[in-house]
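The notes are grouped by topic.

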Amino acid sequence: MLLLHLSLLAGLLPGSDNAEEVQGHVSFYLIQISSFANKSWTKNRGSGWLDSLQTHGWDSESGTVIFLHTWSKGNFSNEELMDLELLFREYFIGLTKEIQNYVNLLQFEYPFEIQARAGCELHSGERPKGFFLAAFEGSDFLSFQNSSWVPSPEGGSRAQKVCNLINQYEGIKETVFNLTSNTCSRFLFGLLDAGKMNLQRQVRPEAWLSSRPSPGSGRKILVCHVCGFYPKTVWVMWMQGEQEQQGTKQEDILPNADGTWNLQVTLDVAAEEAALLSCRVRHSSLGDQDIVLYWVIFRGYLLLDPGLLSDDVPSMEWFNDTVVREFIFLGFSSLAGLQQLLFVIFLLIYLFTLGTNAIIIATIVLDRALHTPMYFFLSVLSCSETCYTFVIVPKMLVDLLTEKKTISFLGCAIQMFTFLFLGCSHSFLLAAMGYDRYVAICNPLRYTALMGRGVCAALVAAACACGFMVAQIITSLVFDLPFHSSNQLHHFFCDISPVLKLATQQSYFSQIIIFMLCALVLVIPLLLILVSYIHIISAILQFPSTLGRYKAFSTCASHLIVVIVHYGCASFIYLRPKSNYSSSQDVLLSVSYTILTPLFNPMIYSLRNMEFKSALCRIVEKTIPLPH
């Protein structure tokens, strides 16, 4: 039955009479992976590829073709596509039955996997050439050559048995020949014609250089970053003059959400040999003008030259005057297929965070019993966290739904200043809350006098003033640096480390000042909190009753949890060495302290606090009278 179906269906699909010439080399092929777990369980997976671009998928549940692009149907009619779909469906069903019937004869042992690659390729000035290659468990098994099945040497006697068996059926051989040589080439021409606007687009790469420490003593790893190019084919090489450096290593070419590609090419060299090395980039979008980036150390700075220099030593006075005017966020580019799901999850979390903080603030304002210093600080903290998330999350949600995830240079500076101002103020507010707990437990009789409204307002004002000054200094130091090379920010908002990484020149003085300020913002409030809790614990341990000690500890537990989470995340982000910088780690950790921490903090303070829950119940009863 399989032979009959394949022969009849293939006969419905006309071959190629297209004499159109193709420049260069291009291929279209199908990949099949059939997994046989046992006699009753098999899974078939399939996909279609135009060179390295996937154009089709296969839904094994419904037995239908998935068209991944608007032009993936080529110029085939709907009837022809339905015939092909039926052909593949019958092929998978028949193949599964035939293999299971011959498992014992061919000495296959469950579980096993069969892979196949079939299609056609075109070379300029030559006729289309079809191919069909099959593998068993990842090793070559057989191929289709000159209208016959030929075993591969790696396949051994089993491959010979399979070829002897299927070579008896002239119908299958004729069908495979027609599909790979005729139908495939016609479909390939149709794809090239239907998708020429997309396939022929040219996007120029952006390139810049960086370095990182090498495990070897006195060595460094030079990194040539090539980003945002299309098509995928690119040539990148580290050079010394016109001599290619054999130690050049190319990492995987990774996709962006907009269909362009990124690449990093590295070279491990002795530090003194790095001078006058260059990275050369060739791409079809550049024509004959290669990008050449020279690694020249002069007065402590790295100079990048985009290829207008001669083969002689580059001019030491030259500098690239192309100024970055906007940044592109790449924080979630590796999760392109999950961005809509992330949008829904983050939106729900954000709405819940706004709702819980609004409830806390409203309850504290409306219930007189909560008009105490502790709840005053809690309301200010909730307001601060609401503003903090407002600076980052709405922009991130918009970017998850749009292809162009950009922010202007000024907008990036404003975002960095605002979140630093709120984040630094948050640290000092936690210190003020620690002092409030110290006075409440260690000096309860003087609590009202020591923590009056004026004192509380002054502590909040001081926290905000410190946050403002630190944010102003750091933002000025960062954005006073020149940005002339890449504008691709491997993050989802303008944080310090990702932006600094894009600066063309790194000022050692600026880096030291930024690090010291970050350390002071974290260390000074944390020391004040530790001193407060040393006195608090000493005082609690002197309480005569166990119940009294428990109540005193419970009033401090929520504050301690928030302090640990806040300072743990912030210390990892801002106080680690630059050599440990990882954009993927930072994105993950930043999600925790920009989205998850503001979600949990209100719940930690409110759900553990019986006084707050009682006040909330009173407000609800007054607002919504319940029937008796």
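A disulfide is taken here as a pair of cysteine sulfur atoms within 2.5 Å. The model is predicted. By that cut-off, a search of the whole structure finds three disulfides. With the bonded cysteines numbered in sequence order, the pairing runs 1-2, 3-4, 5-6.

- Cys518 has a relative accessibility of 9%, so Cys518 counts as buried.
- For Cys466, the closest cysteine sulfur is likewise in Cys424, at 9.3 Å, which is too far for a bond.

**Disulfide Cys120–Cys184**

- The sulfur atoms of Cys120 and Cys184 are 2.1 Å apart, and the two residues form a disulfide.
- The torsion about this S-S bond is about -80 degrees, so the disulfide of Cys120 and Cys184 is left-handed.
- Cys120 sits in strand 5 (residues 112–123) and Cys184 in helix 4 (residues 170–194), so the bond ties together parts that are 64 residues apart in sequence.
- Both Cys120 and Cys184 are buried.

**Disulfide Cys224–Cys279**

- Cys224 is joined to Cys279 by a disulfide, with an S to S distance of 2.1 Å.
- The link of Cys224 and Cys279 is left-handed, with -85 degrees about the S-S bond.
- Cys224 belongs to strand 10 (residues 219–229) and Cys279 to strand 16, so this pair connects parts that are 55 residues apart in sequence.
- Cys224 is buried, at a relative accessible area of 0%, and Cys279 also counts as buried, at 0% relative accessibility.

**Disulfide Cys412–Cys494**

- Cys412 and Cys494 form a disulfide with their sulfur atoms 2.0 Å apart.
- About the S-S bond of Cys412 and Cys494 the angle is -125 degrees, and the link is left-handed.
- Cys412 is in helix 8, while Cys494 is in the loop between strand 21 (488–489) and helix 11 (496–502), so the pair ties together parts that are 82 residues apart in sequence.
- Cys412 counts as buried at 0% relative accessibility, and Cys494 counts as buried at 0% as well.

**Nonpolar cores**

- In soluble globular proteins, nonpolar side chains tend to be buried together.
- The largest nonpolar core of this model holds 76 residues, and those with the most contacts inside it are Phe332, Phe346, Ile474, Val478, Ile496 and Val499.
- Helix 8 (residues 409–442) supplies the largest share of this core, 15 residues.
- A second, separate core has 24 residues, among them Leu209, Leu267, Cys279 and Trp295.
- Beyond residues up to four places away in sequence, Val478 touches Met416, Phe483, Ile496, Val499, Leu500 and Ile514.

**Ser285**

- Ser285 is found in the loop between strand 16 (277–282) and strand 17 (291–298).
- With a relative accessible area of 17%, Ser285 is buried, because buried means under 20%.
- The side chain of Ser285 reaches the backbone oxygen of Val203 at 3.4 Å.
- Apart from neighbours within four places in sequence, Ser285 is in contact with Gln202, Val203, Arg204 and Pro205.

How values were computed: Residues are numbered from 1 along each chain as its sequence is written. This is a predicted model: local features need pLDDT of at least 70, side-chain atom pairs count only at pLDDT 80 or more; totals for chains, interfaces and linings use all residues. Side-chain values use heavy atoms; hydrogens and water are left out. Helices (H or I, at least four residues) and strands (E, at least two) are DSSP runs, numbered from the N terminus. Buried means under 20% relative accessible area, exposed over 50%, partly exposed in between (1.4 Å probe, protein chains only). A polar contact is a pair of N or O atoms within 3.5 Å; within protein, one must be able to donate a hydrogen and the other to accept it, and residues adjacent in sequence count only if both atoms are side-chain atoms. Contact means heavy atoms within 4.5 Å. A nonpolar core is a set of buried Ala, Val, Leu, Ile, Met, Phe, Trp, Tyr and Cys residues joined through side-chain atoms within 4.5 Å.
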